[in-house]
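Hi,

Here's the structure I promised to pass on. Have a look at it first, then read my notes below.

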There are 2 protein chains.
Amino acid sequence: MPDQKHCPDTHDRILDVAERLFMANGYEGTSMRMITSEAEVNLAAVNYHFGSKEALMREVFRRRLLWLNRERIVLLDALEAAAAGAPLKPSQVLEAFFGTLLRMGEDPALGGMVFLRLLGRTLTEPADFIRTFFAGEYAEVVERYKHALFRALPDVPQEEILWRFHFMLGSMSYALAGTDVLEIVTGYEPGDAMATDPAAARRLSARVMPFLLAGLRAPLPAPLASLSSPSATSGDSCDAPSGASSRVTPSPA
Amino acid sequence: MPDQKHCPDTHDRILDVAERLFMANGYEGTSMRMITSEAEVNLAAVNYHFGSKEALMREVFRRRLLWLNRERIVLLDALEAAAAGAPLKPSQVLEAFFGTLLRMGEDPALGGMVFLRLLGRTLTEPADFIRTFFAGEYAEVVERYKHALFRALPDVPQEEILWRFHFMLGSMSYALAGTDVLEIVTGYEPGDAMATDPAAARRLSARVMPFLLAGLRAPLPAPLASLSSPSATSGDSCDAPSGASSRVTPSPA
DNA sequence: GTCTATAATTTGATAGAC
DNA sequence: GTCTATCAAATTATAGAC
């Protein structure tokens, strides 16, 4: 157990470089030698400080997710205390969950855009040890926010809310990863300077939050009667009602 | 150039196995030996038929994307011909673009859910050669659908439409990859039987299409005046107007 | 804590017989 | 087209001196 207070440089420099390289090349695409040479530390230092490559990967996430998910809980506690028993507005829940995430992108001390992009791409990398690790790190915060959304949208079936939470995570994850076939949109390349610009988080936030909120409160799909005819199953029933007038109750107040 | 008409088995069996293993383990996480042993072909067969591992990866996608993006163009041509110059409805454009994709998941001959999940996770893997390849494969179809959306939503700034196209791709990509921290939602594990169930595409379609359509037609964000106060930048302005009454013009007819 | 040296495997690719 | 045998390089990890 390395508990010495000396040389926080090496330990943290490894984490910082690993975070950036995992973001740019993925876990499998990044070798220990790439990390140690760029961090200018000895190859054996990684195993000394972290034990293995997998443990390094976990630690890269642990130091960020610890802050993120704790902050999310604190914010939700504060919102619910202020609401005094009343349900929160959907926008409040989304702002607490995704706004906290996006705010990390503006603060290099919290990982900045480098960590956000790493998180975005890692959420679709189903290496077993990462999935297991994430499941543990996210268990509490997901449970809390699920129920906050259930209360915020009492007229939407809970299963539907879970699906939409899923879709919102996807939009955010993909937007953060920032590797799009629509290069025009994001305007940056991976590893680019713009890709790690803290202002990117603010620009993204202004665009994505209305999108997420609208999707979360979308009219309910038809009770999926005719699943036999593929070309008529989806989309057609969703044009006429476009918002507050449909089955979904808008947030109170 | 392998042009012989013999043994389509080996050639195609390599592609099928590679598709499944790349889906489950990613490109870097899948070795040639894993592919050849599972496909029960000789190790040298891959290089004989495809030339290299990178070329194999490209061919895995090429045979699917060729059909997908051609079908998307054909469908859009038909819709625009039927509209006789009038703009399409947003739901028609989404149905042609994403509905075609989801329909691949129901047909094993088109790759089924295995290919859809591979595509979903690969869109966030920014290995250079994959990005370059995708850019070429998607160039035409993206250009066509961009302009179809511009026409379908004449009152939404084009840049905003591009962002929302981006977000929609993200929801879809992430939902297809199916590796979520909300395990309850999807209910399947990667590599699981349920994960490759053709019915999964229909279930997903009924859930995701209304979400995408609502997000695409969300109220426009405030002109982002106060970017200084992070907690008030987003979300708060999006509660009151929840749909058709806002600045976004609903689709014609 | 840092470093050198190296073990033990695995990787993508190829030469050449059949 | 298929196969065996093999190369050259890269990988994670560790032992042991300082």
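Arg207(A) is part of helix H10 of chain A, residues 199-216 (helices are DSSP runs of H or I, at least four residues, numbered from the N terminus). With 17% relative accessibility, Arg207(A) counts as buried, meaning under 20% relative accessible area with a 1.4 Å probe, protein chains only. Leaving aside residues up to four places away in sequence, Arg207(A) touches Glu159(B), Glu160(B), Trp163(B) and Phe167(B); contact here is heavy atoms within 4.5 Å.

By the way, this is a predicted model: local features need pLDDT of at least 70, side-chain atom pairs count only at pLDDT 80 or more, and totals for chains, interfaces and linings use all residues. Residues are numbered from 1 along each chain as its sequence is written, chains are lettered from A and ligands numbered from 1 in the order in which they are written, and side-chain values use heavy atoms, without hydrogens and water.

Now the rings. Rings of Phe, Tyr and Trp (its six-membered ring) pair if their centres lie within 6.5 Å; planes under 30 degrees apart are stacked, over 60 edge-to-face and the rest tilted. That gives 23 aromatic pairs over all chains. Phe133(A) and Phe134(A) make a tilted pair, because their ring centres are 6.1 Å apart and their planes at 50°. Both Phe133(A) and Phe134(A) are buried. Also, ring pairs join Trp163(A), Phe167(A), Phe211(A), Trp163(B), Phe167(B) and Phe211(B) into a cluster.

Cheers

Methods:
Helices (H or I, at least four residues) and strands (E, at least two) are DSSP runs, numbered from the N terminus. Buried means under 20% relative accessible area, exposed over 50%, partly exposed in between (1.4 Å probe, protein chains only).
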